[in-house]
Structures are given as structure tokens and as C-alpha cells.
Amino acid sequence: MVEKSILFILNETPKKEYDKRLESLLKGQINKDVIVLGSSKGAGNILAEQLQSNTGFSSFNLSYQGSNVNFHEFILETLLKYNKTPKYIILNIDDENQFVKTKTLNFRDDILFPLTKYNYINEELITQRKASSLSRFLLLSRYNSYHSIFRKVFENKINPIDSFGSMGIINSKSSAHKFEVKKEDYNQEAEDVNLIESFKSIQDICDLNDIELLLVFSPRLRCFNLSFYNRFIKMVKREKNVIVYDTLNMVYKNPLYYRDPSHLLKNGAKIFTSEISEFINSNK
């Protein structure tokens, strides 16, 4: 009786989720030509609807706020397991935080926890040591604090998820910061091996599946970090597929186009997305 009641809760919980993109992946519903991966910069700075309109390629954004490259690798693997292979993967790079452990970028276990009714998700949580191996046999072991049929559905009003998966920031004041001209030195010794391995794996997966991988640097309200770029480019298989925003465009030095020093408002995202679209169109 307990197991049957837990099964009911496991099945009902996903219905309460605001972000249903991962479940759509598991159901094989994200079959697009262009997929965007990344953290909050990828989610808000790259508009999939505009990419589709500008390039003619069907597009969808699978970027998750606060996610690291380990999570991006997981999303890519899930995409290819249950959905058709895209023509392009656009991976937004988190500059000097890409290969360094930070409090703001993590493997988003919380995205997986409400979906433990799926064996695939449960196995990943076991791999991440966030679930017991007993959960393979006992539904009760799949129950967690995210399971509740009584909680209200969360709604994001600052940067809502649109029908193309993007989260353009539309309800926020512009940044109060000014453009910083200070140059930064990248500390390679702080890198985490697991993050680097996931980045290499993403490149290998794309090669194996004949996917064009575009590595994108979003604008920030500061000088471009050339120190990190010089390190980054050594780990890239195809330097021609690295897209750096137009550092000479004065728009990217204007706080009116930013929510904060690292995230564009939707008006800035439209300009940046146009640059990516132009790159794709020129290399079809």
C-alpha cells in the first residue's frame, strides 16, 4: 500500500514543475536542428526563437540557470538518447568560471529530483550519489523533499521560459554598474579535472554524432578575458567554431542592455543572438 501511494506521488509531482523541458527530453519531444546549452547566460542571452527565425533552422534552448559543464554534458547525452540528433549544438562558455568549481555553477540535481519516476533519472542520481541503489527496487527510496502533490506551481516572472526554451530577461531594471576596463589574469591551477573532462566529452560526442559544435562567449560589462581565452582555445578542437561577441560594439559597454555585469536584458540578447545567427548563416 505504501509503495502504491508513493507511485501516485511520483507520477503527480512532475505536473507541478514549472520547467518541463527535461521531461520533454525524456519523452522525445525536443527534435530540433539547433540546441542551445549553457547556464543562465545561455538561457537569457541566446534567444532560440530568434535563431530559428534568422537561420531557418528549428531551435530550442536547453540552458539551465546555475548549471555547470557536467550538467551540460548530461543534458546533451539525454537529448541524443531520446531525441533526433541536431545539426548544431551551441554551448555558451562561462568565461573564467567554466572549468573552476564555484558556488553559483553546479550539477543541477534539483532539476532531476522531481522526475525520479523515470528509471533513467533515478540511475543518474545514483551515479551522482544523490540516491540510494535501493531505489532501483523500492519506490519509497525514490521519494524526496521535492515530491509533493500539494505545492503550488512556481512561476518565473522575471525571465519566464518561452515556448522555445529561452529565458530572456524582460522584467528587470538595467544594471547600475559601469563598464570595467580592468584586465583579469586566469588562474589555471584552480581548474577542476572533472569539468575539463566533461568539456572534452561534449566535443567528442558532437564529433561522433556529426554535430557542429559552436562555442560561444557572451558579452559582459567588462573587458573580454583574454587570459582565459588563451587557455580555453588550447582545449578546443576547432578554433573556427569559437564565437566571441563583437567586443568593439559600443552597445555591449552600455549598462542599459544588462541586468547585471554578466547577464543581458532581452534588448541586448536580441543583438547578441543576431551575431550567432549571422555566423551560422555564413557557414551553412
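## Cavities in the model

A cavity is a set of grid points where a 1.4 Å probe fits but cannot get out. Rolling a probe the size of a water molecule over the atoms shows where empty space is left. The structure here is a predicted model. A search of the whole of it turns up two cavities of 30 Å³ or more.

The largest cavity has a volume of about 50 Å³.

## Lining of the largest cavity

Ten names make up this lining: Ser 67, Asn 68, Val 69, His 72, Asp 94, Asn 97, Gln 98, Val 100, Leu 105 and Leu 195. By class, four are nonpolar, five are polar and one is charged.

Ser 39 sits in the loop between β1 (34-37) and α3 (40-45). Its relative accessible area is 0%. Buried means under 20%, so Ser 39 counts as buried.

Leave aside residues up to four places away in sequence. Ser 39 then touches Ser 63, Tyr 64, Gln 65, Gly 66, Ser 67, His 72, Asp 94 and Leu 105. Among the residues that line the largest cavity are Ser 67, His 72, Asp 94 and Leu 105. These four are also among the contacts of Ser 39.

## Lining of the second cavity

The second largest cavity is lined by Asp 95, Ser 218, Arg 220, Arg 222, Cys 223, Phe 224, Asn 225 and Tyr 245. This lining divides into three nonpolar, two polar and three charged residues. Asp 95, Arg 220 and Arg 222 are in the list. Asp and Arg count as charged, so these residues belong to that class.

## Cysteines

The structure holds zero disulfides. Cys 206 has a relative accessibility of 1% and counts as buried. Cys 223 has a relative accessible area of 23%. Buried would require a value under 20%, so Cys 223 is partly exposed instead. Cys 223 is also one of the residues lining the second largest cavity.

## The chain as a whole

The chain has 10 helices and seven strands. Its radius of gyration is 19 Å, close to the 19 Å that the globule rule gives for 284 residues, so the chain is as compact as a globular protein of that length. Along the principal axes, the C-alpha atoms fill a box of roughly 65 × 40 × 40 Å.

Of the 284 residues, 53% count as buried. Now take contacts between residues at least 6 apart in sequence. Of these, 79% join residues at least 24 apart.

Methods. Residues are numbered from 1 along each chain as its sequence is written. This is a predicted model: local features need pLDDT of at least 70, side-chain atom pairs count only at pLDDT 80 or more; totals for chains, interfaces and linings use all residues. Side-chain values use heavy atoms; hydrogens and water are left out. On a 1 Å grid over the protein atoms alone, a cavity is a set of points where a 1.4 Å probe fits but cannot get out, and a pocket is an open set with protein on both sides within 12 Å along at least five of seven lines; lining residues have an atom within 4 Å of a point. Grid points are joined across faces, edges and corners, and a volume is the space filled by probe spheres set on the points. A disulfide is a pair of cysteine sulfur atoms within 2.5 Å. Buried means under 20% relative accessible area, exposed over 50%, partly exposed in between (1.4 Å probe, protein chains only). Helices (H or I, at least four residues) and strands (E, at least two) are DSSP runs, numbered from the N terminus. The radius of gyration is taken over C-alpha atoms; the globule rule is 2.2 Å times the number of residues to the power 0.38. Contact means heavy atoms within 4.5 Å.
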